[in-house]
Amino acid sequence: MLVQWCLKGIAEGATGPEDALAQSRLGGPGLKSSWLFDLRGNADIFEFPERSHKALSYSALDAHVHSYSTVGRTTPYISLSAGCVELDPFTPTTTTIKAWETALDFATRSGTQSGFVYRLWVLVSPKPAPELPGFAEEVRELNSFDTFAQFHHEGEITAKLFVPARQIEWVEKYDRDLSLLWRARNPDFVPPERVSNLLDYL
Amino acid sequence: MAWLPPIEKAEAITGRLRDRIVYLDKFAARAPALFEAPGEGRERPPDSTVDDFYVGDRKFPPPPAATLASVSALMTAGELALVTNQTERAKDYFRRALGTATRQSADRWPILRVAVLGAALRQCVVFLQPEGLDVRLRNGPARLAGWVGMPSFQSSALILGAALASAGQASFIGWSSRRDRSSIPLGALSTVIGAREADVLPLFRLVRTPDGFDQLQEPTNEQRTDALIAFYALHQRYASRLYLVLETDPPASDPRDRETKLRHPLFDWALFMLHLGLARFSPDLYVRERLLPNPSFDTAATRLMDFVMSLVREFQVGLPSL
């Protein structure tokens, strides 16, 4: 398994400031998928494992990435950005697209409103396993996800169901000019070094 | 002239591109805060260093991540301004990008971007020396960046373009095949010679030889004709790119959630630099009737050539002469 740092950009809602909501994601269940919201009140907690297993599949991941406007309200996946190197097939050269550029683009809707950026880590499987909870999928890796080229430039890592709060280091709020308004650190954050394979001697 | 004339879709996304320019402008301004906040988990440089081939030169530290991010955003903003007929605005972005890129000491310049921007704005001269790429800023510092084995393939077209746009044939004097070729690293030589853009060198009165260039030998008529065809082919390639990006690339036709980014660049720097080089150093040749194998052609590629020539004319206004 790999540990991957990611950014997540979320635009602020149209109804007003959502600072409290943004900071609440540093606790509780963390970053939730739309599927979890959709399930709320409609299922017993003991049904959660079975239902989540039915929700996670290669086709559901494909729909999340390629038809988000259709499945956005019910998808069990969460898009994160880690940046990517994009091939320009015409020249042929590569361009590096930074995670920050993509995350802020989504958070502020291209600099037209305020939004939030989270820094977090996830475990990534080196091979596709979209039906397995607990691991994120590196859909930007075309050697593994060879039919996911359409939005490759977004450098997406896809988490499943939720990102635990303890894997979120901080959240920041930016205004439409991309100026930092505030930063909230997560006091319960657990750094990824705790689970890395670098062992010290006894 | 309408921008990007071969593509009808181009006009339809002008508003989106203008939004993108504004976003990139903001991103460039914020890059120092985003990439240089110590202790906030951002001190690790992003992999953006891969767009500069001298990052492999271990003698020098790579350019700061914030510099690369800012310069990259400003260059892209300028490219979009240029293709949407905002030439003065584009030059302003390029000047800001060059200023940002050269703000630190020369050994930390993102050298390829400095060479391209400086050559386009006539703010530097670029020479290909046996020892490396020699970039001399106008009234400023210079840097000779060693070849370090070889330049990457993807930098070769830009190296050629920057050299030709800044000094034309004279850029290659150090690489003349009449000199001692053994001092030029074979990797650097073969990579630069192998660039597709090198096929147009006879238009600059440079003859490509198996082991370098010869600026003393006059190209034959056949070499000149082949070079004209190669130049036209570069416009065909550019037209194909624009068609695919604007007409068929899903992010362009169906952007997600107000996303303004296009997947691939709309601007071909290497081709633009070749145009600048011809306009500056082969002005007699730089007329439509002499550049086209058949001036009566009316194709996407010829319309694109007309467009780039008009851009070059506008771009040259107000630039210093070297």
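**Helix packing in a predicted model**

In this predicted model, the axes of helix α6 (residues 99–107) of chain A and helix α2 (residues 14–35) of chain B come within 11 Å and cross at roughly 120 degrees.

Me: Happy to start there. Why are α6(A) and α2(B) called oblique to each other?

Reply: Their axes cross at roughly 120 degrees. Roughly perpendicular covers 65 to 115 degrees and roughly antiparallel begins over 145, so α6(A) and α2(B) are oblique to each other. The crossing of this pair is right-handed.

Me: What makes the contact between α6(A) and α2(B)?

Reply: From α6(A) come A:Trp100, A:Glu101, A:Leu104 and A:Asp105, and they meet B:Arg20, B:Tyr23, B:Leu24, B:Phe27, B:Leu34 and B:Phe35 of α2(B). By class, that gives 7 nonpolar, no polar and 3 charged residues. Tyr counts as nonpolar here, so B:Tyr23 of α2(B) falls in the nonpolar class.

Me: Good to know! Now to a pair within chain B: at what angle do α3 and α5 of chain B pack?

Reply: Helix α3 (residues 65–83) and helix α5 (residues 111–120) of chain B pack at about 35 degrees, with their axes 11 Å apart. Their crossing is left-handed. On the α3(B) side the contact is made by B:Val71, B:Ser72 and B:Met75, and on the α5(B) side by B:Arg113, B:Val116 and B:Leu117.

Me: Which classes do the residues between α3(B) and α5(B) belong to?

Reply: There are 4 nonpolar, 1 polar and 1 charged residues. Arg counts as charged, so B:Arg113 of α5(B) is in the charged class.

Key:
Residues are numbered from 1 along each chain as its sequence is written. Chains are lettered from A and ligands numbered from 1 in the order in which they are written. This is a predicted model: local features need pLDDT of at least 70, side-chain atom pairs count only at pLDDT 80 or more; totals for chains, interfaces and linings use all residues. Side-chain values use heavy atoms; hydrogens and water are left out. Axes are lines fitted to C-alpha atoms, for helices over the stretch in contact, and angles run from 0 to 180 degrees between N-to-C directions. Helices (H or I, at least four residues) and strands (E, at least two) are DSSP runs, numbered from the N terminus. Angles under 35 degrees count as roughly parallel, over 145 as roughly antiparallel, 65 to 115 as roughly perpendicular and the rest as oblique. A crossing is left-handed if the near helix is turned anticlockwise from the far one by less than a right angle, and right-handed if clockwise. Contact means heavy atoms within 4.5 Å.
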